[in-house]
Amino acid sequence: MEKMIAVGIVWGATNAIMRRGALLWDEALKSSAKPNPHSTLCQKMRISLGNWVKLLSIWQYSIPFLINLSASATFFAILSDAPLSLAVPVTNATTFAATAVFGILLGERTHLPRAFFGTALIVLGLCFCIHT
């Protein structure tokens with residue numbers, strides 16, 4: 001159970017951090033070349049590939065992404081020992097709550113009472129899942 005919650009926390013934290021890296025990528029894309037509507041498919045694919053390389057070159061995105069992928073590998077290992085009907089809800093609910101909490105900690109603008117109420121409901125739901 002602890003491993004499921006740990007994976008959810010890692011996923012939630014890295015989701016919030018990757019969102020910040022994605023915003024940096026968005027800014028970089030605004031200053032880069034735009035595909036011409038009359039570009040060939042090859043040119044459009046080259047621009048798209050360049051955009052992905054640009055995203056992965058932003059360490060604020062790529063490092064949390066690699067950590068997130070590591071948590072995904074851990075999740076699949078957990079699935080070999082845990083019932084699917086418990087692992088998926090616990091991990092997903094924890095991810096959702098952790099994303100909200102880490103987003104708030106990173107200074108994202110949010111409606112705090114709603115976020116805390118929603119997170120409390122998630123924790124309550126997890127308790128029901130675990131103890132039934």
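## Cysteines

In this predicted model, Cys42 has a relative accessibility of 54% and therefore counts as exposed, since the cut-off for exposed is over 50%. Cys127, at 35% relative accessibility, counts as partly exposed.

A disulfide is a covalent bond between the sulfur atoms of two cysteines. A search of the whole structure for such bonds finds zero disulfides.

## Packing of helices α1 and α4

Helix α1 covers residues 2–30, and helix α4 covers residues 84–105. The two helices pack with their axes 7 Å apart, at an angle of about 40°. The crossing of α1 past α4 is right-handed.

On the α1 side, the residues that meet α4 include Met4, Val7, Gly8, Trp11 and Arg19. On the α4 side, the residues that meet α1 include Leu86, Ala87, Val90, Thr91 and Phe102. Sorted by class, the contact of α1 with α4 is made up of twelve nonpolar residues, nine polar residues and one charged residue.

## Thr91 in helix α4

Which residues does Thr91 touch, leaving aside its neighbours within four places in sequence? Thr91 is in contact with Met4, Val7, Gly8, Trp11 and Phe75. Of these, Met4, Val7, Gly8 and Trp11 are among the α1 residues listed in the contact with α4.

## Two residues of helix α3

Helix α3 covers residues 59–79, and Leu79 is found in it. Leu79 has 25% relative accessibility and so counts as partly exposed. Not counting residues up to four places away in sequence, Leu79 touches Leu84 and Ala87. Ala87 is also one of the α4 residues that meet α1. Leu79 and Met4 are 75 residues apart in sequence, while their C-alpha atoms are 9.3 Å apart in space.

Phe76 also has its place in helix α3. With a relative accessible area of 58%, Phe76 is exposed, because the value is over 50%. Phe76 and Leu126 are 50 residues apart in sequence and 20 Å apart in space, C-alpha to C-alpha.

Technical notes:
Residues are numbered from 1 along each chain as its sequence is written. This is a predicted model: local features need pLDDT of at least 70, side-chain atom pairs count only at pLDDT 80 or more; totals for chains, interfaces and linings use all residues. Side-chain values use heavy atoms; hydrogens and water are left out. Axes are lines fitted to C-alpha atoms, for helices over the stretch in contact, and angles run from 0 to 180 degrees between N-to-C directions. Helices (H or I, at least four residues) and strands (E, at least two) are DSSP runs, numbered from the N terminus. A crossing is left-handed if the near helix is turned anticlockwise from the far one by less than a right angle, and right-handed if clockwise. Contact means heavy atoms within 4.5 Å. Ala, Val, Leu, Ile, Met, Phe, Trp, Tyr, Cys and Pro count as nonpolar, Asp, Glu, Lys and Arg as charged, and the others, Gly among them, as polar. A disulfide is a pair of cysteine sulfur atoms within 2.5 Å. Buried means under 20% relative accessible area, exposed over 50%, partly exposed in between (1.4 Å probe, protein chains only).
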